[in-house]
Amino acid sequence: AWFILDANQEIIVPSPLLEDLKSGDRIPLQDFERFVKGVGGVVYPGKSVCLTAYPPRGMYPTQLRDRIREEWRGYPGNITASDIAVDVWPPSFDKGLALGRFPELDLERCFGVADSEADISWLKLLGPRIAAVANADEKLKRYVEERGGKVLSKPFILGACEAIEFFAPANP
């Protein structure tokens with residue numbers, strides 16, 4: 001997901017580090033990596049408030065999500081799947097709360113571009129200045145349309161470029 005300020009600053013969401021979390025609030029990274037690699041998947045190597053895994057070829061993200069839920073049955077956080085990946089969230093954390101870690105941002109001057117239902121929590125902060133890329137989850141597309149946002153015609157980064165043109169057109 002992208003969070004764009006004035007069309008020239010990009011902040012990847014979520015971005016807070018795990019420093020504020022207690023050890024019981026998250027699945028240990030080494031256990032998560034071992035499990036995901038054991039089913040042939042890949043763990044996203046970046047540091048963020050959630051753990052992200054990509055399923056192996058031939059497995060849908062929802063199938064990997066269900067296997068993770070079974071492995072950590074009773075885990076108090078949220079485990080979500082998009083069209084391409086699975087995110088494991090600590091209890092009481094989501095992308096909206098992560099975005100709250102940037103109080104210096106003037107949200108009235110911002111717009112958001114997203115691809116997953118997991119992005120809805122932070123898109124709520126932006127009113128109708130939101131967009132879904134062409135390859136976004138259907139639930140996200142419906143959410144964006146219902147709030148007066150824009151469902152883009154292009155996928156991935158091309159969709160983000162389309163959103164910049166829509167929300168922040170160049171001055172003639």
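**Notebook: aromatic rings**

I began with a charge and a ring: the charged end of Lys-150 sits over the ring of Phe-166, 5.1 Å from the ring's centre. A reminder to myself: this is a predicted model.

Next I looked up how open Phe-166 is. Its relative accessible area is 46%, so I noted Phe-166 as partly exposed.

Then I searched the whole structure for aromatic pairs and found 4. I looked at the pair of Phe-35 and Trp-72 in detail. Their ring centres are 5.4 Å apart and their planes stand at 75°; because planes over 60 degrees apart count as edge-to-face, that is my label here.

Where do Phe-35 and Trp-72 lie? I found Phe-35 in helix α1 (residues 29–38), while Trp-72 is in the loop between α2 (61–71) and β5 (79–81). The pair therefore ties together parts that are 37 residues apart in sequence.

Are these two buried or exposed? Buried means under 20% relative accessible area. Phe-35 has 15%, so I wrote it down as buried. Trp-72 has 18%, so Trp-72 counts as buried too.

Back to Phe-166, which pairs with Phe-167. The centres of these two rings are 5.0 Å apart and their planes are at 90°, so I noted this pair as edge-to-face. For Phe-167 I read 24% relative accessibility, so Phe-167 counts as partly exposed.

Last, I checked for rings that group together.

Key. Residues numbered from 1 in each chain as written. Predicted model: local features only at pLDDT ≥ 70, side-chain atom pairs only at ≥ 80, totals over all residues. Heavy atoms only, no water. Phe/Tyr/Trp six-rings, centres within 6.5 Å; stacked < 30°, edge-to-face > 60°. Helix = DSSP H or I, 4+ residues; strand = E, 2+ residues; numbered from the N terminus. Buried < 20%, exposed > 50% of the residue type's maximum accessible area, 1.4 Å probe, protein only. Lys NZ or Arg CZ within 6 Å of the ring centre and 35° of its normal.
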